[in-house]
Amino acid sequence: MATSVTDRLADLETIRRVTDLRARVAAWRQDGLSVGLVPTMGALHEGHFSLVRKSVAAMDRTIVTLFVNPRQFGPNEDFGTYPRTEEADAAALQRQGAQVLFAPNVEEMYPAGAVTTVSVPGIGDILEGSFRPGFFTGVATVVSKLLIQAAPDVAYFGKKDYQQLCVITRMAADLDLPVKIEGCPIIREADGLALSSRNVYLSPDERAKAPMLHQALNDVAAKVRAGGVEAIADAEAAGAEAILKAGFKQVDYVTVRDAANLAPITDVMKPARILTAAWLGRTRLIDNIPLHD
Ligand code: AMP
């Protein structure tokens, strides 16, 4: 059932309790309304809004979740300093036409005694999973909880976090969660830098260097498209070298992988994804592009 424009511009409701969220969704279901979910950690930008707009356009009701999930941060990572801008986020979500902002606190999400985790071995252990141990278990646990709590028809995720999208797709299928996981395009700045809440950490000098990450991915893609499977190792190495030369401190990986299971590829005609993670000063940036447009 489509909603009118005035209905969509109704006040955004902020919900903090799981029971209240369930009640709200149950009432919508009574009315036969479809529900979209957009999980986020807040500090919202155009990348997030693109997901929200997709949901608002396709679904009768849209819930955006804001939860900086402690379980997906390592002990030396930025949980304490992660940008928190809830008031501005809520105002922006109202303008985007979302109906609910679900912003539980840590105790609501993980009450005392909560120990159950969801892990996705294999695809959750490689790449980001190997550099950030426990990261995908934290992500899969919180996302499965959000999907169970909100019970949406569709949940929207950005390809910016490409491996995360793969892990969540696998998890939802394995757990028979009755939800469609929809992957959405990466939103970039004009110079190619993928939008990220963590970009605020970059100094002006680092910000100037940051687009080289995307440029390096484009160069790897061109080399592999021209040279085939035999060119992959050299293209990956040249990509890493270019990123370091651009002023990044460390490259965790530059790799060409199967777009579905992130395994190394043996056939460049099949859908593939080129993924990277690298440190610019104290900020770790990730990015990825398809091998073929
Ligand atoms: P985060 O708040 O960083 O956890 O991201 C929440 C959701 O927004 C995830 O599904 C991300 O993949 C997505 N997202 C973040 N940045 C972008 C971007 N630049 N383009 C598209 N989606 C994005």
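In this predicted model, 21 residues of domain 1 are in contact with 18 residues of domain 2. The two parts come from the domain assignment of the protein chain, which gives domain 1 as residues 8–184 and domain 2 as residues 197–290. Taken over C-alpha atoms, the centres of domain 1 and domain 2 are separated by 27 Å.

Helix α3, which covers residues 46–58, packs with α4 at an angle of about 35°, and the axes of the two helices are 10 Å apart. Their crossing is right-handed. On the α3 side the contact is made by Phe-49, Val-52, Arg-53 and Val-56, while α4 contributes Ala-92, Leu-93 and Gln-96. Sorted by class, the residues in this contact of α3 with α4 are five nonpolar, one polar and one charged.

The loop between β3 (61–66) and α4 (86–96) holds Gln-72. Is Gln-72 buried or exposed? Its relative accessible area is 10%, and because this lies under the 20% limit, Gln-72 counts as buried. The side chain of Gln-72 is joined to that of Asn-69 by a polar contact of 3.0 Å. When neighbours within four places in sequence are left aside, Gln-72 is in contact with Met-41, Glu-77, Arg-132, Phe-135, Gly-138, Val-139 and Val-142.

**The loop between α5 and α6**

Ser-119 lies in the loop between α5 (106–109) and α6 (128–131), and Thr-116 has its place in the loop between α5 and α6 as well. Ser-119 has a relative accessibility of 45% and therefore counts as partly exposed, a class that runs between 20% and 50%. Thr-116, with a relative accessible area of 65%, is exposed, because the value is over 50%. Which residues does Thr-116 contact, leaving aside its neighbours within four places in sequence? These are Arg-71 and Thr-141. The C-alpha atoms of Thr-116 and Leu-177, which are 61 residues apart along the chain, are separated by 17 Å.

**Residues with a positive phi**

Most residues other than glycine have a negative phi. Asp-176, however, has a phi near 55°, a positive value in a residue other than glycine, and Leu-262 likewise has a positive phi, near 60°. Asp-176 is found in the loop between α8 (162–174) and β6 (180–184), whereas Leu-262 is found in the loop between β7 (250–258) and β8 (272–280). As for accessibility, Asp-176 is exposed, with a relative accessible area of 65%, while Leu-262, at 1% relative accessibility, counts as buried.

**Another buried loop residue**

Leu-33 has its place in the loop between α2 (18–30) and β2 (35–40). With a relative accessibility of 6%, which is under the 20% limit, Leu-33 counts as buried. Leu-33 and Val-256 are 223 residues apart in sequence, and from C-alpha to C-alpha they are 41 Å apart in space.

| Residue | Relative accessible area | Class |
|---|---|---|
| Gln-72 | 10% | buried |
| Ser-119 | 45% | partly exposed |
| Asp-176 | 65% | exposed |
| Leu-262 | 1% | buried |
| Leu-33 | 6% | buried |
| Thr-116 | 65% | exposed |

Methods. Residues numbered from 1 in each chain as written. Predicted model: local features only at pLDDT ≥ 70, side-chain atom pairs only at ≥ 80, totals over all residues. Heavy atoms only, no water. Helix = DSSP H or I, 4+ residues; strand = E, 2+ residues; numbered from the N terminus. Buried < 20%, exposed > 50% of the residue type's maximum accessible area, 1.4 Å probe, protein only. Polar contact = N/O pair within 3.5 Å; in protein donor to acceptor, adjacent residues only side chain to side chain. Contact = heavy atoms within 4.5 Å. Axes fitted to C-alpha atoms, helices over the stretch in contact; angles between N-to-C directions. Left-handed = near helix turned anticlockwise from the far one by under 90°. Nonpolar A, V, L, I, M, F, W, Y, C, P; charged D, E, K, R; others polar. Domains from an automatic or database assignment.
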